[in-house]
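Subject: Structure handover

Hello,

Here is the structure I said I would pass on. Please look through it first, then read the notes below it.

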Amino acid sequence: MSRTAIQTAAVFAAGAGLAAAGYRPLFWGWAVIAAIWMLAVLAGRRKTAMQVLWLSAALLAGNSYYAWADARLSSSVVSPSTGWNAAADEAGAELAGRLDTPVEVDGDRAVFYVRTEEWIWTDGEAVRAGGELVYVTVRLQEQPEQKVAAGWRRGDRIRLTGTVKMPEPARNFGGFDFREYLRKKDVHWMVTVKGASAIELSPPGKWDAARLLRWNDSLREGAGSRLAELFPGEEAGYMKGLLIGIREDLDPERFRNFSRLGLTHILAISGLHVGVFLWAVTALCRRLGVTKEMAARIGFWTIPLYVVFTGSSPSVVRSGLTAMAGLYAAGKGWLKDGLSLLALALLGMLVWNPLYITDVGFQLSFLVTAGLLAGVPAITRLIPGIHPLWKSSLSVALTAQLVSFPISVYYFNQFSLLSLPANLLLVPLISFVVTPLGYGVLLLSFVWPWAAKAAAVLVSLLNRFTFYTIDLSERLPSMHLSWPTPSFLWIAAYYMLLVWLVLQAGVLKQHGELNRQRIFLVPDGAGFRRRCIRMTVLASALWTGCLLYGYAPTLFTERGMGTVSFLDVGQGDCAWVRTSEGKHILIDGGGTISFRKAGEEWKERQDPFEVGRKTVVPLLKKRGVHKLDTLIISHQDTDHIGGLQAVLEEIPVGRILFNGTLKSSPGAVKLFQTAVSLGIPLIPVQQGDEFTTGKSAVWKVLAPLPEEGGTQVRLLEEQNDESVVMLLTMKGRRFLFTGDIGENQERRLLDELSDAGNASPLDVMKIAHHGSRYSSSGDWLWYWSPRLAVISAGKNNVYGHPSPYALERLTESGAGVYRTDRQGEVEFSVRDEGLFVRTKLAEGHGK
C-alpha cells in the first residue's frame with residue numbers, strides 16, 4: 001500500500017505538471033493506456049497490466065484534472081458595450097463587495113483583493129459579479145492616508161470608484177507575466193483607485209465568519225509589532241518572516257542576498273517550524289499531566305491554527321498536512337514511513353487545488369522533502385569516513401542542494417558556489433537555534449517583557465553573525481553564477497542521470513566493501529567491479545555533460561545565428577546583441593525616471609520598481625549571459641543608463657564604450673564610479689572608430705563627431721546630440737543604433753557621411769529619441785532607406801512618443817515599423833537563410 005500511494009501521488013503530480021507545461025494528451029492518452037493494458041493482458045501479465053493501468057490512469061487523471069481546473073479560470077464580467085477605451089484597455093467603474101485579503105501599505109500605494117458583488121460601469125451598465133475577485137491598487141494622495149489604509153480590515157464591506165483594466169502580460173520573451181500570475185489566482189481584472197477618499201468601508205456583521213479572519217490578522221499584526229519592539233532595524237523584518245510568515249517588512253536587498261546564496265528556504269515557514277510548534281504543544285500538555293495520546297490529539301487539532309496564523313503558504317500547508325497525517329497514522333498504526341505521508345499530503349493538496357503544481361514554493365517544498373527522505377541514506381553511504389554528525393549534516397545539505405538545483409535555476413537563474421558551505425553553516429544555526437529561541441522570546445514577551453528583551457539580545461547577536469556571513473559572500477561576486485532558464489527536458493534528464501549516478505556509485509561502493517570482507521556475491525567479482533566502474537564513470541560523465549549543456553546551451557544549439565533584441569523597458573532604450581560566436585553586447589539599459597518632489601519622501605516604497613534590477617538583469621540571466629563582452633552607453637540620460645547600475649552590480653562587463661563626456665547627474669556619476677571600482681575599461685569613442693565582436697559582427701562609430709580639444713573627457717549636461725551612433729554589420733545584415741540624436745545632429749552627420757560610402761539601405765534602424773517629432777527627418781530616412789524600423793517607447797507614455805509626424809515620415813519612407821509600446825520586445829534573428837523577426841505582443845513572425 002505504501003509503495004502504491006507514493007507512485008500514485010508522484011504520477012498524479014507529474015500529470016498535472018505536464019498539463020501546466022502545455023502537454024495535454026487527453027483522448028489519445030486514454031487510447032494509449034487501453035492499448036498497453038490489452039497487450040499486457042494478452043501477454044499473460046495481468047498483475048503488471050493492472051499496475052500499468054492504475055498508474056497511467058493516475059497520470060491522465062492529474063493531467064485532465066489540471067486542464068479542467070485551468071479551463072475554469074475565466075471572468076464572469078465582460079467589458080462595457082460603451083465607455084471602454086480600447087487604446088488604453090480600460091474603463092471607469094464603481095465596484096461593491098467585500099475586502100478579501102489584508103491590506104499591504106507601501107509608500108504611496110495600498111494593495112489588496114476585493115471579492116466583488118456588483119459592478120457599475122461609467123456608462124451606467126450594471127453587472128452582477130457573482131464573487132469575481134479583483135486586484136486593487138490605491139494611489140494614496142496624502143501621507144495621512146497611509147494610516148487610513150492601514151486601518152482597513154479583511155471582511156470589510158467596500159465600495160470604490162476607479163479604473164478597471166486587464167493586468168499586463170509579459171512584454172519581453174521570458175519576462176514575468178503578471179496577467180498569467182493573477183489568472184492562476186482566478187483574478188482577471190485590476191482596479192486602480194486614486195486616493196483613499198474614493199473608497200467607502202463598513203465593518204462586517206457581528207456574526208460574520210470574516211471576523212475570525214480579522215481576529216487572526218490582528219493576532220499576526222500584534223505578534224509582528226512585538227517582534228519590532230524586541231529586535232532593532234532590519235532584524236525586525238527578518239524575524240517576522242522567519243517566525244510568523246510576514247515578509248512584507250523584510251529588507252529587499254537582504255532577501256536578494258539570501259536568494260543568491262540559495263537560502264530563501266530558511267525564510268519560508270515549513271516542516272521545521274511545524275515540528276517546533278508540535279513539540280512545544282505536546283511538551284506543554286505532558287507538563288500539565290495530559291496523557292501521551294491526548295497530547296497527540298491536541299497537537300493534531302492545533303496544527304491548522306498554526307498554519308493559518310503563519311500565513312498558509314504552500315510549504316507550511318504541506319508540512320501541516322504531513323504532520324497531521326503522521327499523527328493520525330501513528331494513532332491507527334498505518335503508513336508509518338515518511339514518504340507515504342508526504343505522498344498523501346501531495347495528493348491532498350493537488351486534489352484541493354491542482355494549480356498548486358505551478359507554485360515554486362510548492363515544488364521546492366515537496367521535491368526537497370522527498371529528496372531528503374529518499375536520498376539522504378544513499379548519499380550518506382557515499383561520503384567517506386568522517387564524524388557521524390558532520391556526515392549527517394553534509395549529507396542533508398548536499399542532498400537538498402542536488403534536488404533543489406534545477407528548480408532554483410529555472411525560476412531564479414542563479415547559483416552560488418558558496419551555497420553548500422553557507423547551508424552547512426547557517427541552516428543548522430537558524431533552524432535549530434535562532435528559530436526556537438525566537439519563538440521563546442516572542443512568547444516570553446507577553447508574560448515577562450524585560451526578560452524577553454534580554455533574551456532577544458542573544459538572538460540579535462546570532463542574527464548579526466548570519467548577516468555578516470552573507471555580506472561576506474557578496475564580496476566574492478565570481479562565486480555567483482548566472483544560469484539560463486533550462487528546458488523541461490533538461491530538468492528531467494538531470495534528475496534521471498542523478499538518480500542513476502547515485503545508485504551506480506552505491507553499488508560500486510557496496511561491492512568494494514564486500515570484497516574487503518571477502519564476501520563474493522557474483523562469480524566474476526573482478527569483472528563485475530570493472531563493469532561497475534565503467535558504468536559509474538559513464539553516469540558521471542553524462543551528468544557532468546548535462547550540467548555543462550545547461551550552463552551554456554547556446555554553444556551547442558545556436559552556433560551560427562546572431563540575435564538583435566530591442567527589449568521593452570518602458571520609456572527608455574535597451575538593445576541586446578548576441579553574435580553568432582556567442583559574444584554579448586548591451587546598448588543602454590533603460591531607466592526609471594522619478595518625478596518626486598521635495599517633501600514627498602513618504603511616497604518612497606520599500607522595494608520600488610527599477611527597470612535594471614527587475615527587467616534587464618533577469619532577462620539577460622535567463623538568456624545565458626554570463627558576461628557582457630561590451631557595454632555601449634549611447635549617452636547618459638536616465639532613460640538610457642538608469643538600469644545599467646544593476647547590470648554592473650550583477651553581471652561582469654568586459655569594457656564600456658561611451659561618448660567621451662560626463663553628465664553631473666547622481667546616476668551617471670555613480671555608474672562611472674562603479675565601473676572604475678570594478679576595474680572595467682572606459683573607452684571614449686568618436687566617428688571613424690571601428691571594432692569587432694567575434695568574426696561576424698563589425699561595429700562602425702558614426703557619432704559623436706571628433707572634438708577640437710582631442711579625446712579628453714568633458715562635462716556635458718545636454719547629451720542627446722552627443723549620442724553614440726553605431727552601424728552594426730552582422731552576417732551581411734546592417735543595423736543602425738541612433739541614441740537620441742535630433743534633426744540638427746542628423747544634418748551634421750549627413751554632411752560627414754555623404755562621401756563615406758554608408759548609403760546602402762539598412763535592414764533595421766533604431767529610430768532616434770523614441771520616435772520624437774524632432775528626430776528621424778525625411779532626409780535622414782531617405783539617406784539610409786531602412787527596410788524596417790524599431791521605436792522603443794513606453795506604453796501610454798506622458799511624452800506622446802512616438803510622434804504622429806515621425807510615424808508619417810516613416811510611412812512615406814516605406815519602412816515597416818515595430819513599436820515596443822504596442823508589440824513588446826522586438827527580436828531579430830540573423831541566419832544564413834535571412835533576417836527573421838518576432839514580437840512578444842501582437843505576435844508576428846517575418847522574414
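Ala575 is in strand β12, which covers residues 575-578. Strands (E, at least two residues) and helices (H or I, at least four residues) are DSSP runs, numbered from the N terminus. This is a predicted model, in which local features need pLDDT of at least 70 and side-chain atom pairs count only at pLDDT 80 or more, while totals for chains, interfaces and linings use all residues. Residues are numbered from 1 along each chain as its sequence is written, and side-chain values use heavy atoms, with hydrogens and water left out.

Ala575 counts as buried because its relative accessibility is 4%; buried means under 20% relative accessible area, exposed over 50%, and partly exposed in between, with a 1.4 Å probe and protein chains only. Setting aside neighbours within four places in sequence, Ala575 is in contact (heavy atoms within 4.5 Å) with several residues, among them Phe566, Ile587 and Phe737. The C-alpha atoms of Ala575 and Thr661 are 21 Å apart, and 86 residues separate the two along the chain.

Next, a serine. Ser259 belongs to helix α8, residues 252-260. With a relative accessible area of 16%, Ser259 is buried. Its side chain makes a polar contact with the side chain of Gln414, at 3.1 Å. A polar contact is a pair of N or O atoms within 3.5 Å; within protein, one must be able to donate a hydrogen and the other to accept it, and residues adjacent in sequence count only if both atoms are side-chain atoms. Not counting residues up to four places away in sequence, Ser259 touches Thr264 and Gln414.

Then helix α10. The 18 residues of α10 (residues 292-309) should span 26 Å at 1.5 Å a residue, and the end C-alpha atoms are 25 Å apart, which agrees. The expected span is 1.5 Å times one less than the number of residues. α10 bends by about 30° at Thr302, and Pro304 follows within four residues; the bend is the angle between axes fitted to the seven residues ending there and the seven starting there. The buried residues of α10 include Ala295, Phe300 and Tyr306. After α10 comes Gly311, with a positive phi near 105°.

Last, a pair of strands. Strands β26 (residues 826-831) and β27 (residues 834-839) run antiparallel and are joined by six bridges; two strands pair if DSSP finds at least two bridges between them. Val826 has Thr839 in β27 as its bridge partner. A hairpin of two residues joins β26 to β27.

Regards
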